[in-house]
Amino acid sequence: MLCGSPWHLCDHVLFIIHMETESHWILGRLNIEERRMYMYNSLSTAMKDSAAIKACQPFAVLLPHFFALFDEFKKENKPVCLDPFEVVKVDGLPQQTSNDCGCFVASFAEYFIDMKPIPPIFDVEKHRDRLAVLFYKYARMKELDFIDSEDEAPPKGPKKNLS
């Protein structure tokens, strides 16, 4: 789906959540139909999972109100329900051993988007290197094609030289 599509047309919404007290990032996946928010945590311990669920709670509480405010439920003829979304921890995920949570979050999102199962163990260095190359290629493409922003509009032509 394109950026800016109405939420009622989406089955799932992926977003990253920063756990400020833990200096850690997790992936959240909202399943609108099930009214559940799935939590993907690469640093899973009882204490970290508790903090991750706590970090998800504001989203779980506020998103139903957001949908009601913008009439997202009415667009699909769904009853308005302001109850918080259920937060569900996804088990069986690979676990980080160093400060790699960003790479894990990006990889978890990519596996979900590609509809592939997340392997219980994966080579984080291989994923990090692959992501670095993808980001570099993307930046070069933007530079060579004179793309200024992330919008879906066609390129506007060469950038102006201000010197």
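Met-115 counts as exposed because its relative accessibility is 76%; buried means under 20% relative accessible area, exposed over 50%, and partly exposed in between, with a 1.4 Å probe and protein chains only. Met-115 lies in the loop between H3 and H4. This is a predicted model, in which local features need pLDDT of at least 70 and side-chain atom pairs count only at pLDDT 80 or more, while totals for chains, interfaces and linings use all residues. Residues are numbered from 1 along each chain as its sequence is written, and side-chain values use heavy atoms, with hydrogens and water left out.

**Overall architecture**

- The protein chain contains four helices and four strands; these are DSSP runs numbered from the N terminus, helices being H or I with at least four residues and strands E with at least two.
- Read from the N terminus, the order of elements is β-β-β-α-α-β-α-α.
- Of the 163 residues in the protein chain, 32% are buried.
- Among contacts (heavy atoms within 4.5 Å) between residues at least 6 apart in sequence, 50% join residues at least 24 apart.

**Nonpolar cores**

- A nonpolar core is a set of buried Ala, Val, Leu, Ile, Met, Phe, Trp, Tyr and Cys residues joined through side-chain atoms within 4.5 Å.
- The largest such core has 19 residues, and Ile-17, Ile-26, Leu-30, Met-37 and Cys-56 have the most contacts inside it.
- Strands E1 (12–19), E2 (24–31) and E3 (36–40) and helix H1 (46–69) are the elements that give two or more residues to this core, and H1 supplies the largest share, seven residues.
- Leaving aside residues up to four places away in sequence, Ile-26 touches several residues, among them Phe-15, Ile-17, Met-39, Cys-56 and Val-105.
- A second, separate core of 15 residues includes Tyr-40, Ala-109, Ile-118 and Phe-122.
- Ile-16, in strand E1, touches Trp-25, Ile-26 and Val-105, not counting residues up to four places away in sequence.

**Packing of H3 and H4**

- Helix H3 (residues 101–113) packs against helix H4 (residues 124–144) at an angle of about 80°, and their axes are 10 Å apart.
- H3 and H4 are therefore roughly perpendicular to each other; angles of 65 to 115 degrees count as such, against under 35 for roughly parallel, over 145 for roughly antiparallel and oblique for the rest.
- Axes are lines fitted to C-alpha atoms, for helices over the stretch in contact, and angles run from 0 to 180 degrees between N-to-C directions.
- On the H3 side the contact includes Cys-103, Phe-104 and Ser-107, and on the H4 side His-127 and Leu-131 are among the partners.
- Ser-107 is buried, at 0% relative accessibility, and touches Phe-122, His-127 and Leu-131, not counting residues up to four places away in sequence.
- Ile-113, also in H3, is exposed, with a relative accessible area of 58%.

**Positive phi in loops**

- Most residues other than glycine have a negative phi.
- Met-115, a residue other than glycine, has a positive phi near 55°.
- Ser-23, in the loop between E1 and E2, has a positive phi of about 50° although it is not a glycine.
- Ser-23 is exposed, with a relative accessible area of 60%.
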